[in-house]
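Here is a short briefing on one protein model.

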Amino acid sequence: MIAGTSPTTPVLIVGAGPAGATAARALARAGIPVRLLDRAAFPRNKPCGGGISLRVLPRFPYLARELHRIATHAVARLYLEGPDGHATIVESDGPAALMIRRIEFDALLVSLAQEAGADLVTGADVVQASEDRDAVTVTTRDGRRFASPIVIAADGVHSVVSRRLGMNRGWAASAVALDMMEETPRSALRDLDPSTLWVAYGFNLAGSRTVKGTRAAEGYAYIFPKRDHVNIGIGYLLSHYREAVAAPPYELQRGFVAELRNRGIVAGDSVRQNFTPFLIPVGGPLRRPGRGRVLLAGDAGGFVNGLTAEGIYYAMVSGELAAQTVAATADVSRLAPLYRRACDHEIGTELRDSVLVQRYLFADRRRIARVIDGAHREPAITRSILDFAAGRRTYQDLRQRLLAGSPLLAGRLVWEHLRKNFVVQWPQAS
């Protein structure tokens with residue numbers, strides 16, 4: 001524990017999603033008292049596509065032993081569609097993605113944390129946070145106060161803790177995606193090929209309009225097949241939605257489902273009560289995901305892949321790294337720097353690259369089309385991507401292969417990394 005504090009004072013974790021629950025389990029298993037706060041009681045609904053790359057299993061081996069407790073569906077087939085309507089199908093030798101429902105998956109992770117010894121407090125809607133020399137105190141809507149020498153804030157994209165403490169005063173509209181999706185039972189709405197994960201990039205739908213004089217890609221769309229449900233969604237960068245999309249969210253969703261039905265991809269109707277729009281931070285991790293006694297994990301720290309919008313895996317990784325950092329040092333002044341280095345080492349380059357690739361590809365619809373058309377022309381690269389998704393290849397190895405095959409993209413990434421590293425040297429840079 002942190003020097004000068006009681007060994008019985010629990011570390012406080014705000015938010016019991018994948019980041020918070022994973023952190024709580026890791027701390028409890030290390031013998032460190034931990035209190036996990038969440039405004040909801042579990043199981044609870046959580047808007048999310050609900051897809052995780054299979055590399056989550058070798059990274060968190062204990063998870064494979066516990067997944068039998070919830071409904072899962074593994075897929076090895078990916079349908080990719082470009083902005084020009086052309087598509088390709090990529091198949092892996094084995095499962096590459098795991099489909100789950102967040103209402104079940106999050107409850108499982110919370111149960112694992114409790115079984116390890118974490119104390120769960122539900123109905124704790126944190127609305128205020130303050131920090132002094134010895135502790136961080138959070139206050140709930142009903143007036144309860146919780147103080148701890150260390151806080152891991154895993155309270156999502158709208159993190160109250162990070163905003164109240166001035167660690168992140170808000171995301172730019174160009175750094176978040178507005179994702180509009182529904183999770184509906186297959187009895188009412190179903191994909192006609194549940195063996196396939198369906199994704200479209202540069203997607204444009206009636207109700208949106210292309211900004212004059214640009215070739216920018218408009219958005220993305222997806223169908224995630226679950227065992228007993230289907231997730232169907234469409235998304236845009238929030239800045240693009242505000243500037244160029246005229247229709248309200250559910251009108252877009254209903255139109256998207258109708259288009260899929262007309263194309264023979266799904267059967268059934270959209271169900272309004274299952275629809276939930278939400279924001280995803282896709283601008284990359286915060287430069288400083290920790291400060292003093294507070295570490296930010298999951299969406300609160302921006303740990304989301306900017307290209308695929310996958311966040312569950314990175315939430316779990318950042319949560320565990322936060323817990324390991326707390327367990328490894330008794331010096332609070334070293335906490336944030338150690339956590340930042342740990343995150344940079346494991347997922348930092350990958351997430352920063354994902355944002356740069358996203359901006360590079362979505363700047364011109366033709367680039368996305370070339371990537372999708374090239375999926376079969378470059379089988380070695382495609383195989384490397386699938387091996388990475390399944391956990392059979394490291395990101396460093398994949399990165400080398402991708403950059404070797406795309407000199408223009410390699411130059412862009414190198415330039416952006418040099419520019420960012422130069423800026424970081426200046427203390428006044430925010």
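Among contacts between residues at least 6 apart in sequence, 72% join residues at least 24 apart. This is a predicted model. The protein has 430 residues, and 55% of them count as buried. Its secondary structure comprises 13 helices and 21 strands.

**Surface**

- The protein exposes about 18,700 Å².

**Helix H1 against helix H4**

- Helix H1 covers residues 18–29, and helix H4 covers residues 102–116.
- The axes of H1 and H4 come within 8 Å and cross at roughly 15 degrees.
- H1 is therefore roughly parallel to H4, since an angle under 35 degrees counts as such.
- The crossing of H1 past H4 is left-handed.
- On the H1 side, the contact uses Pro18, Ala21, Thr22, Ala24, Arg25, Ala28 and Arg29.
- On the H4 side, they meet Arg102, Asp106, Leu109, Val110, Leu112, Ala113 and Ala116.
- By class, the contact of H1 with H4 holds nine nonpolar, one polar and four charged residues.

**Helix H1 against helix H8**

- H1 also packs on helix H8, which spans residues 312–328.
- The angle between H1 and H8 is about 35 degrees, and their axes lie 7 Å apart.
- H1 and H8 cross in a right-handed sense.
- H1 contributes Pro18, Ala19, Thr22, Ala23, Ala26 and Leu27 to this contact.
- H8 contributes Ile312, Ala315, Met316, Gly319, Glu320, Ala323 and Val326.
- The residues of the H1 contact with H8 divide into ten nonpolar, two polar and one charged.

**Phe105 in helix H4**

- Phe105 lies in helix H4.
- Its relative accessible area is 0%, so Phe105 is buried.
- Leaving out residues up to four places away in sequence, Phe105 touches Ile52, Leu63, Leu67, Ile70, Ile100, Ile312 and Met316.
- Two of these partners, Ile312 and Met316, are also among the H8 residues that contact H1.
- Phe105 and Ala71 are 34 residues apart in sequence, yet their C-alpha atoms are 8.7 Å apart in space.

- Arg101 sits in the loop between strand E7 (97–100) and helix H4.
- Arg101 counts as buried because its relative accessibility is 17%, and the cut-off is under 20%.
- Arg101 is in contact with Glu183, Lys226 and His229, neighbours within four places in sequence aside.

**Helix H9 against helix H10**

- Helix H9 takes in residues 332–362, and helix H10 takes in residues 365–377.
- H9 and H10 pack at an angle of about 110 degrees, with their axes 6 Å apart.
- The two helices are therefore roughly perpendicular, a class that runs from 65 to 115 degrees.
- Tyr360, Leu361 and Phe362 of H9 meet Arg367, Ile368 and Val371 of H10.
- The contact of H9 with H10 has five nonpolar, no polar and one charged residues.

Technical notes:
Residues are numbered from 1 along each chain as its sequence is written. This is a predicted model: local features need pLDDT of at least 70, side-chain atom pairs count only at pLDDT 80 or more; totals for chains, interfaces and linings use all residues. Side-chain values use heavy atoms; hydrogens and water are left out. Helices (H or I, at least four residues) and strands (E, at least two) are DSSP runs, numbered from the N terminus. Buried means under 20% relative accessible area, exposed over 50%, partly exposed in between (1.4 Å probe, protein chains only). Contact means heavy atoms within 4.5 Å. Axes are lines fitted to C-alpha atoms, for helices over the stretch in contact, and angles run from 0 to 180 degrees between N-to-C directions. Angles under 35 degrees count as roughly parallel, over 145 as roughly antiparallel, 65 to 115 as roughly perpendicular and the rest as oblique. A crossing is left-handed if the near helix is turned anticlockwise from the far one by less than a right angle, and right-handed if clockwise. Ala, Val, Leu, Ile, Met, Phe, Trp, Tyr, Cys and Pro count as nonpolar, Asp, Glu, Lys and Arg as charged, and the others, Gly among them, as polar. Accessible areas come from the Shrake-Rupley method with a 1.4 Å probe; for residues, only the protein chains shown count as cover.
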